[in-house]
Amino acid sequence: MTAAEAAPTAESATPGAEPSSVAPAPGATPPRTPLVARAAAELIGTAALVAVVVGSGIQATELTKDVGLQLLANSTATVFGLGILILLLGPVSGAHFNPVVTLAEWWTARRGGPGVTLREAAVYLPAQIVGAIAGAILADAMFGEPLVKWSTHDRSAGHLLLGEIVATAGLILLIFGLARASRLQFAPVAVASYIGAAYWFTSSTSFANPAVTIGRAFTDTFAGIAPGSLAGFIGMQLVGAVVGLALVALIFMPGRSAE
């Protein structure tokens with residue numbers, strides 16, 4: 001069951017419904033706007049998200065040597081930036097900005113409910129990855145850094161990989177759980193708040209996004225990740241997505257009539 005299927009009466013989650021004032025959440029079925037417009041929204045949104053993450057990281061390291069303050073600045077900027085992007089682009093593409101969200105919706109939609117098709121997912125994923133790389137290059141350009149310089153920040157330790165499972169599982173549980181509970185209208189605040197919190201409570205600082213992870217390998221700055229760490233992070237994010245979907249199925253199990 002998709003996030004959209006879980007709330008079939010919600011105007012923002014129903015294909016073909018009239019536009020409403022509430023933007024659909026990531027994971028909700030996007031309106032049937034032209035696929036090229038949705039792909040552009042995913043590319044630009046992911047680029048902007050990575051530019052916020054990388055740019056605020058560079059700015060923070062230029063303003064203070066205190067690592068705690070650097071992370072605070074980085075996480076705060078990400079919270080506000082992500083919330084705004086979901087509000088702005090959610091009505092166009094569903095504001096996934098994240099391959100695991102797209103894949104999770106496709107996987108649940110293929111069981112019979114509405115959601116992104118395989119063709120749409122095949123367009124969304126490369127758009128997100130290209131956008132993430134472009135966002136990292138843009139952030140480097142704004143701060144006078146080399147446009148492309150592979151990160152040397154190794155993140156291959158086992159406890160960091162566990163952190164990515166936890167971060168991604170929580171994100172998927174939140175997004176699809178909100179849909180099951182018919183609370184999609186709170187997604188911009190809820191998703192941004194979760195990511196901000198996960199910066200602090202997970203050892204990996206919550207990448208929870210394969211496209212963003214790839215993009216951050218292109219910058220040797222505060223938010224970077226060494227290319228050698230990509231496979232482990234992305235693999236654990238996929239595992240986290242599976243765990244998250246399993247938790248949604250368990251926690252939001254359809255009720256049964258009383259006997």
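## Terms and basis

A residue is called buried when its relative accessible area is under 20%, exposed when that area is over 50%, and partly exposed in between, using a 1.4 Å probe and protein chains only. By that definition Phe 218 is buried, with a relative accessible area of 16%.

The model is predicted: local features need pLDDT of at least 70 and side-chain atom pairs count only at pLDDT 80 or more, while totals for chains, interfaces and linings use all residues. Residues are numbered from 1 along each chain as its sequence is written, and side-chain values use heavy atoms, with hydrogens and water left out.

## Overall fold

The chain contains eight helices and zero strands. Helices (H or I, at least four residues) and strands (E, at least two) are DSSP runs, numbered from the N terminus. Of the 259 residues in the chain, 51% are buried.

Contact means heavy atoms within 4.5 Å. Among contacts between residues at least 6 apart in sequence, 78% join residues at least 24 apart.

## Helices α5 and α6

Helix α5 (residues 158–180) and helix α6 (residues 187–201) have axes that come within 11 Å and cross at roughly 165°. This angle makes α5 roughly antiparallel to α6. Axes are lines fitted to C-alpha atoms, for helices over the stretch in contact, with angles from 0 to 180 degrees between N-to-C directions. Angles under 35 degrees count as roughly parallel, over 145 as roughly antiparallel, 65 to 115 as roughly perpendicular and the rest as oblique. The crossing of α5 with α6 is right-handed, a term used if the near helix is turned clockwise from the far one by less than a right angle; anticlockwise is left-handed.

On the α5 side, the contact includes Val 166, Ala 167, Gly 170 and Leu 171. Residues on the α6 side include Ala 190, Val 191, Tyr 194 and Phe 201. The residues of this contact divide into 12 nonpolar, one polar and no charged. Here Ala, Val, Leu, Ile, Met, Phe, Trp, Tyr, Cys and Pro count as nonpolar, Asp, Glu, Lys and Arg as charged, and the others, Gly among them, as polar.

## Helix α3

Helix α3 (residues 99–109) is mostly covered, with eight of its 11 residues buried. Among them are Pro 99, Val 100, Glu 105 and Thr 108. The buried residues of α3 pack against α4, α5, α7 and α8.

## The loop between α7 and α8

A search of the whole structure finds four aromatic pairs. One of them joins Trp 150 and Phe 218, a tilted pair at 4.6 Å centre to centre with 50° between the planes. Trp 150 is in the loop between α4 (118–142) and α5, and Phe 218 is in the loop between α7 (210–216) and α8 (230–251), 68 residues apart. Rings of Phe, Tyr and Trp (its six-membered ring) pair if their centres lie within 6.5 Å; planes under 30 degrees apart count as stacked, over 60 as edge-to-face and the rest as tilted. Trp 150 is partly exposed, at 49% relative accessibility.

Thr 221 is also found in the loop between α7 and α8, and is buried at 14% relative accessibility. Leaving aside neighbours within four places in sequence, Thr 221 is in contact with Val 54, Ile 58, Asp 140 and Glu 145.

Gly 215, in helix α7, is buried at 0% relative accessibility. Not counting residues up to four places away in sequence, Gly 215 touches Ala 132, Ile 133 and Ala 136.

Gly 81 lies in helix α2 (residues 67–93) and is buried at 13% relative accessibility. Its C-alpha atom is separated by 8.2 Å from that of Ala 48, 33 residues apart along the chain.
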